[in-house]
Amino acid sequence: MFQYNGSRVAFSFLGIDVYWYGVLIVTGMILAVYLVSRELKRLGENPDLIYDIAIWVLPASIIGARLYYVIFEFGRYDNIWEMINVRDGGLAIHGGVIAAVLVGFIYSKIKRINFFKVSDLVAIFMPLAQAIGRWGNFINNEAHGGPTNAPWALIIDGQKYHPTFFYESLGNFLIFLGLFIYYRKKSPNTGKLTALYMIFYGILRFFVESLRTDSLWWGPIRVAQLVSIFGIITGVIIIYFANKNKFYSEDFYNIKNI
């Protein structure tokens with residue numbers, strides 16, 4: 001069983017409490033960027049490329065995650081400060097991914113980088129970062145499912161719930177392992193790893209979201225499930241073009257700049 005009754009605060013710095021939730025999210029992000037950098041070096045490419053991209057993409061992902069949440073929970077907020085106060089919780093992974101993709105694509109166009117060659121490496125390690133970050137939900141006793149008597153239940157105030165944070169964390173870790181092994185053994189066409197991440201994470205999140213009790217809703221529809229379906233369809237389309245080598249280039253930098 002899962003149960004956490006400790007403090008949400010990891011440490012204090014200059015009188016400001018730093019929460020485990022933020023520590024775990026940032027740790028996952030930094031680890032993913034570092035691993036992509038190492039992979040770039042192994043491939044003989046500039047390992048600093050991902051750091052240059054991350055300077056723009058990571059802040060954008062945080063802003064996107066918050067904006068996405070605020071849009072669908074707009075009625076909860078009385079003023080601008082409440083909307084931007086991420087310390088009070090309220091980040092949506094789909095918003096973060098959408099913002100990161102948009103900023104990353106724009107950056108790749110400006111710097112004439114093959115977008116899919118970079119996104120393929122990010123797609124391998126992104127689910128590892130997500131797997132780590134989900135444990136922040138465990139510490140906050142949030143983002144859980146409905147009641148259950150399963151032996152692996154999450155216990156909050158004596159009540160047992162589906163530990164959806166764990167389902168998604170474990171699923172993300174398995175996606176990471178699968179993509180990493182496939183990448184090293186098969187050298188898939190450019191764009192394929194990005195597509196597979198979208199498909200597998202879309203399937204995982206669709207299932208997990210059906211169990212959660214804190215979903216964002218758009219009328220009668222769970223927003224995360226709708227976005228997951230869109231991601232799966234987009235992934236299938238990308239695979240079609242990837243199989244035809246439409247995104248291929250010998251270098252990360254190219255004139256075509258796809």
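A word on the source first. This is a predicted model, in which local features need pLDDT of at least 70 and side-chain atom pairs count only at pLDDT 80 or more, while totals for chains, interfaces and linings use all residues. Residues are numbered from 1 along each chain as its sequence is written, and side-chain values use heavy atoms, with hydrogens and water left out.

I begin with the record. UniProt, in an unreviewed entry, places "transmembrane region" at residues 18-37, 49-71, 91-108, 115-133, 165-183, 195-211 and 223-242. UniProt positions are in the numbering used here, feature names are shortened, and annotations may be inferred rather than shown by experiment. Helices (H or I, at least four residues) and strands (E, at least two) are DSSP runs, numbered from the N terminus. Residues 115-133 are 100% helix and 0% strand, with end C-alpha atoms 25 Å apart. For residues 91-108 the figures are 89% helix and 0% strand, and the end C-alpha atoms lie 26 Å apart.

Let me turn to helix 8, residues 192-209. At 1.5 Å a residue, its 18 residues should span 26 Å, and the 25 Å between its end C-alpha atoms agrees; the expected span is 1.5 Å times one less than the number of residues. Of these 18 residues, 13 are buried, so helix 8 is largely enclosed by the rest of the structure. Buried means under 20% relative accessible area, exposed over 50%, and partly exposed in between (1.4 Å probe, protein chains only).

Next, the hairpin. Strand 1 (residues 9-13) and strand 2 (residues 16-19) run antiparallel and are joined by four bridges; strands pair if DSSP finds at least two bridges between them. F11 has V18 as its bridge partner, and S12 stands opposite D17. Two residues lie between the strands, and L14 takes a positive phi near 55°.

Which residues touch the most other members of the largest nonpolar core? In this core of 39 residues, they are L40, L49, V118, L121 and I124. The largest share, nine residues, comes from helix 5. A nonpolar core is a set of buried Ala, Val, Leu, Ile, Met, Phe, Trp, Tyr and Cys residues joined through side-chain atoms within 4.5 Å. A second, separate core of nine residues includes Y4, F138, I139 and I156.

The unreviewed UniProt entry marks R134 as a "binding site". R134 sits in the loop between helix 5 (115-133) and helix 6 (135-140) and is buried, with a relative accessible area of 13%. Leaving aside neighbours within four places in sequence, R134 is in contact (heavy atoms within 4.5 Å) with I93, F165, E168, S169, Y201, R205 and R212.

N140, found in helix 6, is also buried, at 15% relative accessible area. Its side chain makes a polar contact of 3.2 Å with that of E142. Such a contact is a pair of N or O atoms within 3.5 Å; within protein, one must be able to donate a hydrogen and the other to accept it, and residues adjacent in sequence count only if both atoms are side-chain atoms. Not counting residues up to four places away in sequence, N140 touches R8 and Y21.
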